[in-house]
Amino acid sequence: ELSSTEETKQVLRLSLTEFSLPKFYLLFGISKVKSAAVIAFRSSYRDRSFSPGSYERETFALSSLETVTEALLEIMEACMRDIPTCKWLDQWTELAQKFAFQYNPSLQPRALVVFGCISKRVSHGQIKQIIRILSKGLESCLKGPDNYNSQVLIEATVIALTKLQPLLNK
């Protein structure tokens with residue numbers, strides 16, 4: 001059983017309340033509903049009008065991912081204070097780093113943003129890798145300005161570098 005301090009419980013209560021507000025639906029990519037439960041528990045069996053192609057897919061902005069990641073990090077850090085041997089953040093950071101430095105047009109930009117938001121330390125080698133990714137994104141944009149994936153990758157590297165820069169040694 002997890003025993004939490006009152007402070008942790010308060011953080012969890014406030015976070016749950018905040019995530020339940022309609023303004024947060026947009027951050028999770030579900031802004032076109034009155035209630036998150038409507039979309040979360042909808043099934044094709046109960047609602048035959050729903051099919052994957054029947055609604056307009058919303059884009060998930062990297063700035064939204066940044067906000068959601070920081071909110072989840074706050075929750076995780078609050079819970080970790082009550083669990084002395086907790087390695088959740090280390091595991092999350094390890095996974096984010098793995099996907100941030102591995103080419104995948106769908107996952108890499110998101111992983112870069114998450115890695116930048118949750119990292120507590122960064123090496124010069126990691127910064128070099130991110131700059132290389134930025135360089136490749138810029139090269140790709142020069143070849144064809146219509147390359148949306150490259151633009152997203154550039155945005156993700158800038159967000160990551162902005163978050164990680166304060167962690168570097170002077």
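Buried means under 20% relative accessible area, exposed over 50%, and partly exposed in between, with a 1.4 Å probe and protein chains only. At 13% relative accessibility, C86 therefore counts as buried. C86 sits in the loop between α4 and α5. From C86 to M76 the C-alpha atoms are 9.9 Å apart in space, and the two are 10 residues apart in sequence.

This is a predicted model: local features need pLDDT of at least 70, side-chain atom pairs count only at pLDDT 80 or more, and totals for chains, interfaces and linings use all residues. Residues are numbered from 1 along each chain as its sequence is written, and side-chain values use heavy atoms, with hydrogens and water left out.

**Helix pairs**

Helices (H or I, at least four residues) and strands (E, at least two) are DSSP runs, numbered from the N terminus. Axes are lines fitted to C-alpha atoms, for helices over the stretch in contact, and angles run from 0 to 180 degrees between N-to-C directions.

| Pair | Axes come within | Crossing angle |
|---|---|---|
| α5 (residues 88–100) and α6 (residues 108–118) | 8 Å | roughly 140° |
| α6 and α8 (residues 148–164) | 8 Å | roughly 10° |

Contact means heavy atoms within 4.5 Å. On the α8 side of that pair, V152, L153 and A156 are among the residues that meet α6. By class, this contact has 11 nonpolar, 3 polar and 1 charged residues. Ala, Val, Leu, Ile, Met, Phe, Trp, Tyr, Cys and Pro count as nonpolar, Asp, Glu, Lys and Arg as charged, and the others, Gly among them, as polar.

In the other pair, α5 residues including L89, W92 and F99 meet α6 residues including L112, F115 and I118. That contact divides into 10 nonpolar, 3 polar and no charged residues.

**Cores**

A nonpolar core is a set of buried Ala, Val, Leu, Ile, Met, Phe, Trp, Tyr and Cys residues joined through side-chain atoms within 4.5 Å. The largest has 28 residues, and L62, L112, V113, F115, I118, I130 and L164 have the most contacts inside it. Two or more residues come from each of α4 (62–80), α5, α6, α7 (124–143) and α8. The largest share, 8 residues, is from α8.

What does L112 touch, leaving aside its neighbours within four places in sequence? L112 is in contact with A100, I130, I133, L153, A156, T157 and A160.
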